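I opened my notebook to look around one protein chain, step by step. Here is what I looked up, in the order I looked it up.

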Amino acid sequence: MSKKIAVVVGSLRKGSFSKQIAKNVMKLFPSDYEPEFVEIGNLPLYNEDIDTPENVPAEYTAFRNQIKEAAGVLFVTPEYNRSIPGGLKNAIDVGSRPYGQSAWDKKPAAVISVSPGAISGFGANHALRQSLVFLNMPTLQQPEAYIGNVTKILDEDGNVAEGTVGFLQSIVDAYVELLNRY
C-alpha cells in the first residue's frame with residue numbers, strides 16, 4: 001500500500017517556480033509513496049465565526065481530510081516579504097482547527113524554499129518552521145533545502161538542471177528516512 005504525501009505549494013500562481021520545483025521533487029519519491037498536490041487557493045480566509053460544527057466550509061473539510069489521510073507533508077514555498085505567503089499561512093491555520101483536532105499533528109514534514117534571488121527563500125523557510133514546531137510536526141533538518149536563482153536551474157519545460165536532480169534526490173531520500181521513523 002502506498003503512502004500519500006501531501007504536497008502543499010505556497011505560491012498560488014499557475015506557473016509558479018515553487019510548483020515547478022515541487023513537480024520535479026514528486027518524481028523522485030520511491031514507488032511506494034504517492035505525492036499529490038493539495039490545493040490551498042480555494043480556502044476561504046480562516047474565520048472561527050464560519051468554522052462552526054453546523055456550518056464548516058466544504059473547502060475546510062476537504063482540505064483537512066486530505067492532510068489527515070497523508071503520511072507526511074512536503075511544503076514548497078516562495079518567500080514573500082521575508083516570510084511565507086498569506087495563502088500558505090491561511091492553510092496552516094485552517095488545518096490546525098478546530099482547537100485540539102489539528103490535521104497537522106505528528107505529520108512528518110519537509111520544507112523547500114524557492115526564490116529567483118540569491119537568498120533562496122531563507123526567511124520563508126524559517127518562518128514556516130516556526131509554525132511547524134508549534135503544530136507538532138517533526139521536520140527534516142538536513143539537508144537544508146533552499147533553492148536560489150531558480151530561473152537558472154529550470155528549463156523552458158519546467159525541468160531542473162541535471163546537477164540539481166541529485167540535490168533534490170538527497171532531500172527526498174532524507175525525508176523518506178524521516179517518514180519511515182514515524
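Before I start on the sheet, a term I need: two strands count as paired if DSSP finds at least two bridges between them. I also note that this is a predicted model.

**Entry 1: the sheet**

I looked up how the strands are arranged. Five strands form an open sheet, in the order E2-E1-E3-E4-E5, and their pairing is parallel. Strand E2 (33-37) and strand E5 (146-147) stand at the edges with a single partner strand each, so one side of each has no neighbour in the sheet. A reminder to myself: strands of a sheet pair through backbone hydrogen bonds, either parallel or antiparallel.

Next I zoomed in on one pair. E1 and E2 run parallel and are joined by five bridges. Along this pair, alanine 6 stands opposite glutamate 36 in E2.

Which strands does H2 lie across? I found H2 across E1, E2 and E3, running at about 130° to E1.

**Entry 2: the nonpolar cores**

How many residues are in the largest nonpolar core? I found 30, and those with the most contacts inside this core are Ile21, Val25, Phe29, Leu74, Ile112, Ile147 and Tyr175. The elements that give two or more residues to it are strand E1 (3-9), helix H1 (17-26), strand E3 (72-78), strand E4 (109-114) and helix H5 (162-181). H5 provides the largest share, eight residues.

Setting aside neighbours within four places in sequence, isoleucine 21 is in contact with Val76, Ile112, Val114, Ile147, Val150, Ile153, Leu154 and Val160. Apart from this core lies another one, of 25 residues, including Ile40, Phe63, Ala70 and Leu128.

**Entry 3: the salt bridges**

I searched the whole structure for salt bridges and got four. The idea behind them is friendly enough: side chains of opposite charge can pair when their charged atoms come close.

The side chains of lysine 4 and glutamate 69 meet in a salt bridge, at 3.9 Å from N to O. Lysine 4 lies in strand E1 and glutamate 69 in helix H2 (residues 58-69), so this pair ties together parts that are 65 residues apart in sequence.

Glutamate 79 and arginine 82 form another salt bridge, with their closest N and O atoms 2.9 Å apart. Is glutamate 79 buried or exposed? Its relative accessible area is 17%, so glutamate 79 is buried, as buried means under 20%. Arginine 82, at 56% relative accessibility, counts as exposed.

Lysine 89 pairs with aspartate 93, and here the closest N and O atoms are 2.6 Å apart. The two are four residues apart in helix H3 (residues 86-95), which means about one helical turn separates them. Lysine 89 is partly exposed at 36% relative accessibility, and aspartate 93 is partly exposed too, at 24% relative accessible area.

**Entry 4: the record**

Over residues 4-150 I noted 31% helix and 18% strand, with the end C-alpha atoms 27 Å apart.

Technical notes
Residues numbered from 1 in each chain as written. Predicted model: local features only at pLDDT ≥ 70, side-chain atom pairs only at ≥ 80, totals over all residues. Heavy atoms only, no water. Core = buried A, V, L, I, M, F, W, Y, C linked by side-chain atoms within 4.5 Å. Buried < 20%, exposed > 50% of the residue type's maximum accessible area, 1.4 Å probe, protein only. Contact = heavy atoms within 4.5 Å. Axes fitted to C-alpha atoms, helices over the stretch in contact; angles between N-to-C directions.
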